[in-house]
Amino acid sequence: MPQISSFQIFAILFPTITAIPYIISSKILADVAAQNSWLAALAALIPGALAVCSYLFILKNSTSPFPAMLEEHLGSLPGRLLGFVYIFVFLFSTALALRTFVDFAISHVMPGIPISVMIFVTLLPAFCAIRSGLETFARVAEIVLLMAFPLAVLILLLTLQPQANFSNLLPVYADFYDLGRGSLQVLWLLGSMVVVLTLGFYADDRSRIPASVFSVLIFSVLFISFTALISIINLGPAMSTVKSFPIFSMARAVNIGGFIRNIEIILISIFVAGIFIPITLKWFMACYTCQHVFRLKGHRFLAPPTAVIIGFLSVLISPNIHVLFVILKTAAPAFFVFFYVVIPVLLAGMLLFKSLIIKSKT
């Protein structure tokens, strides 16, 4: 049985949540909450904390990892049916992350490259990681985090040019409807922490999991909020909405003394390394869930057939990048919040209710 440390869990979850928001969330949040987009990201801390508490409560009261715990708490047939649905949820999540990266690469980095080639090249490292096992993937995630995260923050700081306009943050007001919509855009990303229901059973010290997961929550929200804040300061809410990838545009415009410039290549390298984590993790979860639902002996042999499904899904998701952003802004938050947050919260509530009944009887 593979063993991973609490820091490795952090190293897996943090890039899974923040890799895609690093280049797209500033645009979507600006479209939803304008100059208060960074506040909307911070507002996601409240429902995010509820989700995390639900995950930890389920983890504490389960003897089997997800999705086997669904059968443990819901019964054999309902649990297996729900687990079967989650296979496609994770496959769709993988395809969505893959398509986001591919559209970014084709539109801004390597135009003219066939999308099938980009999909193959992107899936190949994730395929190798799944075949190598969870421990190897966790070690790679540690390296990616330690190398990419400091550079990601450095790029954000370098984009703050002397001509940056802090007045773009005004007026600050509490429009609860816009803050709610904005926090939903972040909550579905935070919901990726649901995979701790599986990873937690492979931890070498389960007592340290709560600290790791709450650290992921706090750092992820602060990072996404800071990214949105930098975009509003530099570009303003209108331009942040117009740009497909605001952070890339700001990185390309960096010119410090005629010496520090063309740092977008560093951003591309960071994103290539970072996107490997969510694609691999969600793909692993799809294979792992399939193994338990169908009572298979292993999950690694499922990587080749599911790779074909993920590739087709990523192509079929949208005809172009504009439709992709509509999906990321509207359908994806509602869909993934339901499966990643609402269902676990309801399951945690059911377990709490059962425990209270048992205590009252005793």
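This is a predicted model: local features need pLDDT of at least 70, side-chain atom pairs count only at pLDDT 80 or more; totals for chains, interfaces and linings use all residues.
**Notebook: salt bridges and overall fold**

Arg-295 comes out partly exposed, with a relative accessible area of 47%. For my own reference, buried means under 20% relative accessible area, exposed over 50%, and partly exposed in between (1.4 Å probe, protein chains only).

Residues are numbered from 1 along each chain as its sequence is written, and side-chain values use heavy atoms, with hydrogens and water left out.

**Salt bridges**

I searched the whole structure and got four salt bridges, each being a side-chain nitrogen of Lys or Arg within 4 Å of a carboxyl oxygen of Asp or Glu.

What does Arg-295 pair with? Its side chain meets that of Glu-71 at 2.8 Å, N to O. Glu-71 sits in helix α5 (residues 68-74) and Arg-295 in the loop between α13 (264-293) and α14 (303-316), so this pair ties together parts 224 residues apart in sequence. Glu-71 is buried, at 18% relative accessible area.

Next I looked at Asp-31 and Lys-329, whose side chains form a salt bridge at 2.3 Å, N to O. Asp-31 belongs to helix α2 (residues 21-33) and Lys-329 to helix α15 (residues 321-361), so the bridge ties together parts that are 298 residues apart in sequence. Asp-31 is partly exposed at 36% relative accessibility, and Lys-329 is partly exposed at 25%.

I also checked Asp-103 with Arg-99, a salt bridge at 2.9 Å, N to O. They are four residues apart in helix α6 (residues 76-109), which means about one helical turn between them.

**Helix α9**

I took the span of α9 (residues 176-190): its 15 residues reach 20 Å from first C-alpha to last, close to the expected 21 Å, the rule being 1.5 Å times one less than the number of residues. Its buried residues include Asp-178, Gln-185 and Trp-188.

**Whole chain**

I count 15 helices and two strands, as DSSP runs numbered from the N terminus (helices H or I, at least four residues; strands E, at least two).

Buried residues make up 54% of the chain. Of the contacts (heavy atoms within 4.5 Å) with a separation of 6 or more, 84% join residues 24 or more positions apart.
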